[in-house]
Amino acid sequence: MTDQNRDLLTNSHWGAYWVDVADGRVTGLRDFEQDPDPSPIGHGIVDVLDDPLRITRPAVRKSWLEHGPGARGDLRGSDGFVSVSWDEAERLVAAELDRVRAAHGNQAIFAGSYGWASAGRFHHAQSQLKRFLNCIGGFSHSVNTYSYAAAEVVVPHVIGDFLGHLERATSWEVLAESCTLFVAFGGLPLSNGQIGQGGTGAHVQRGGMLAARAKGARFVNISPMRSDALDALDADWLALRPSTDAALMLGLAHVLLTEGLHDRAFLDRYTVGFDRFAAYLRGETDGTPKTADWAAAICEIPADRLRALARDMATSRTMIGISYSLTRQDHGEQPYWAAITLAAMLGQIGLPGGGFGFGYSAMNNNGLERRYLPYAAFPQGQNPVKSYIPVARIADMLENPGGTVDYNGRRLTYPDVKVVWWAGGNPFHHHQDLNRLRRAWARPDTVIVNEWCWNSLARHADIVLPCTTALERSDIAMSRKDPFITVMDRAIAPVGEARDDHAIFRGIAARMGVEEAFTEGRSPEDWVRWLYDVSRQAASRGGVELPGFDDLQKRGWVRVPDPAKRTILMERFRADPDAHPLKTPSGRIEIFSDTVAGFGYDDCPGHPAWLEPLEWLGNAKADAPLHMISTQPKTKLHSQMDHGPVSKATRIKGREPVTMHPVDAAARGLSEGQIVRIFNARGACLAGLRISDVLRPGVIQIATGAWYDPDGDTCLHGNPNTLTPDKGTSKLAQGPIAHSCLVQVEAAPDAPAPRIGTPPPG
Ligand SMILES: Nc1nc2c(c(=O)[nH]1)N[C@H]1C(S)=C(S)[C@@H](COP(=O)(O)OP(=O)(O)OC[C@H]3O[C@@H](n4cnc5c(=O)[nH]c(N)nc54)[C@H](O)[C@@H]3O)O[C@H]1N2
Ligand SMILES: Nc1nc2c(c(=O)[nH]1)N[C@H]1C(S)=C(S)[C@@H](COP(=O)(O)OP(=O)(O)OC[C@H]3O[C@@H](n4cnc5c(=O)[nH]c(N)nc54)[C@H](O)[C@@H]3O)O[C@H]1N2
Ligand SMILES: [Mo]
């Protein structure tokens, strides 16, 4: 109970929960009764808040402490740690920042610090870090995400803006009313819909899909995995080869064009450049017509099925769903551009239940009605340092100080990084080719990390600053689309000497003479109240009245009223494209973009195209004949709470499960439950084998998130990023391409046990 006389409530990216506490310890979480479909992920926190992997005191890597910055970077990940006091830790950090600022300038501090951190508007680790560093002169940063970098960069060239169109995805309610055919590229895996950034009070994906099905919508699941659609949807399964969606879409487009099924009037009024694309489709520019037969040979879906699907799409109210996963593959710009083009040819963009939509597969938020809640973010201040990288170019940057990289029409220069600081993300989870990253990571003088548990990132740091979890501090959860605003109660005292990220930076700021600038004289409680009050005022200006802060605290949560109007993507543009032009140079959908063509990139031409991926089944060799897709984990968010009970329950002999088709298992003499080695030229990981026909032959699937536990270049625990290629999608977006990866699998008798379950030495 709080002093408000109600139970304790918390929120997270995976759901809201009531918190039970006894004797100062969290004993369990209870589902938020307002949530129609709560996620089990939250329960993963219960046993690990104070287990042996909890970081309870600041710690410094042994060689760094003994010999100073730059000492034995190669030992990051294997060196022992020495516990120090907060006083000592603050002194070391402040002195190192001063040294580097003076000798190399602030751009030598890299704090892109990409990652999901935890929900809660105030204790958002990245915002705290960036605000602090802006108070001392700034830092080199990163742009875009690992989620969908290719879309973030290409889609604005095509329809003017990506995030705004993501947020305005046509709602499930509208889809249920009007959609008759939902064609899901990348499927609609319900496991991913557990997540909604910034807090999730209502899980709607299951209900939304089932309602659409009940009202008669048919579903087509275009994915290497049958399990990407719920059985109850009764979806047609087109089990394409991974990384071939753009070819499949071009094949559909060719059928529409040659059979006259495309909507010429829509193309004339709302788009530019169709004729140049059509010339490519017909093969006039490269001698290869992109027929259904041509596409069938690439994606291995029979041409007759493609032709039937194209005709079906033309005669139905068709929603083309495009999963984020299509961006995380080589040339990941193309499927997004091609899908928008295909939808434009069907002419249903802006109509209820038709057109295209991003990420129905990915996040609970996509498909929720758009509420008017322009919440306030914790202000980060201004960063005077201009140098930045596309987020997934981190290993390149560390390896090539002063080197250059092409990005969206610019040529960027990599800063010479001396200090790397991460708070709220885990590059040893999210980055590709982790063995390469580990070597590049050895180069900077100093790595500082704020973490709460001894995960793979904390182990690869020099200075580890122990932070609290959301259950040890007060905060507030509000997101732009979830209907619930909730308090996030402090349920227990900080474990050990852990401090909130804000308190960590405040302490260092005080030593560096910028405490007042950092806090503006506000306490954490003042800030939380301020964030809510500013959000409440903004909501009120938009006609949404929210209760006062004290009322919210009393009750614990508030439901933001449903919007009066249902959400239909690009409705206004369709109604009047002159009054509501897109933010493209032409104001129209750019099927051909002069801007992109003008960059002259060989790997991203001026219209959607099929470009052969770096690694796919079409160029597989004997030493790496299988395509590995590494999907989002069902039992957690990325690497968070990988050591918790929910994640551990799915392990096979302590390793991440990998799924393989029976035909591929039989060819290798492998059996269910045995430990296997997945490998390619970049590295290897050990995993426990599951045999199933939920995926197509030739493809294996493993979830991300197992904490990287390297033994040489082999992860003992099952992290697939030892295998994935570290290359940009193209010179345009430079996004990550984890889903384009070839591997081999063999039995791994006598595999050493994982070591990541115990804290590092020292
Ligand atoms: N192979 C492959 N790799 C992928 C993907 C894939 O599909 N395949 N997906 C990619 C995608 S889409 C993404 S978004 C990335 C995700 O990558 P990340 O967002 O980096 O992954 P998380 O594990 O969520 O990292 C969050 C970290 O923040 C820490 N943390 C939590 N709360 C707090 C806090 O309050 N303070 C501080 N200081 N730290 C906190 C957690 O312990 C955890 O280490 O991974 C990418 N990597
Ligand atoms: N439980 C849980 N949910 C999550 C997350 C999590 O960590 N855990 N992470 C969240 C985040 S940060 C993000 S960005 C989203 C990501 O959302 P997505 O990118 O949609 O997620 P993935 O699981 O990587 O991919 C979805 C499906 O795409 C299919 N797929 C893979 N390659 C191809 C291909 O080449 N073509 C086609 N057609 N399909 C392919 C796979 O079978 C996979 O099941 O998920 C979010 N949801
Ligand atoms: Mo993501």
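How many nonpolar, polar and charged residues does the shell around ligand 1 have?

1. The ligand 1 shell has nine nonpolar, 20 polar and four charged residues. For the classes, Ala, Val, Leu, Ile, Met, Phe, Trp, Tyr, Cys and Pro count as nonpolar, Asp, Glu, Lys and Arg as charged, and the others, Gly among them, as polar.

2. A quick word on the basis: this is a predicted model, where local features need pLDDT of at least 70 and side-chain atom pairs count only at pLDDT 80 or more, while totals for chains, interfaces and linings use all residues. Residues are numbered from 1 along each chain as its sequence is written, chains are lettered from A and ligands numbered from 1 in the order in which they are written, and side-chain values use heavy atoms, with hydrogens and water left out.

3. Back to ligand 1: 33 residues surround it, with His-430, Glu-451, Asp-501, Ser-639 and Asn-721 the closest (a residue is near a molecule if one of its heavy atoms lies within 4 Å of it). Ligand 1 lies between domain 1 (61–144 + 386–469 + 502–525) and domain 3 (617–747), because both give residues to its shell; the domain bounds come from an automatic or database domain assignment.

4. Now the polar contacts (pairs of N or O atoms within 3.5 Å). An N or O atom in the Ser-639 side chain is 2.5 Å from an oxygen atom of ligand 1, and a polar backbone atom of Trp-116 is 2.9 Å from an oxygen atom of ligand 1. For Trp-452, a polar side-chain atom lies 3.3 Å from a ligand 1 oxygen. The protein covers 98% of the 920 Å² of accessible area that ligand 1 has on its own (Shrake-Rupley method, 1.4 Å probe).

Terms used. A polar contact is a pair of N or O atoms within 3.5 Å; within protein, one must be able to donate a hydrogen and the other to accept it, and residues adjacent in sequence count only if both atoms are side-chain atoms.
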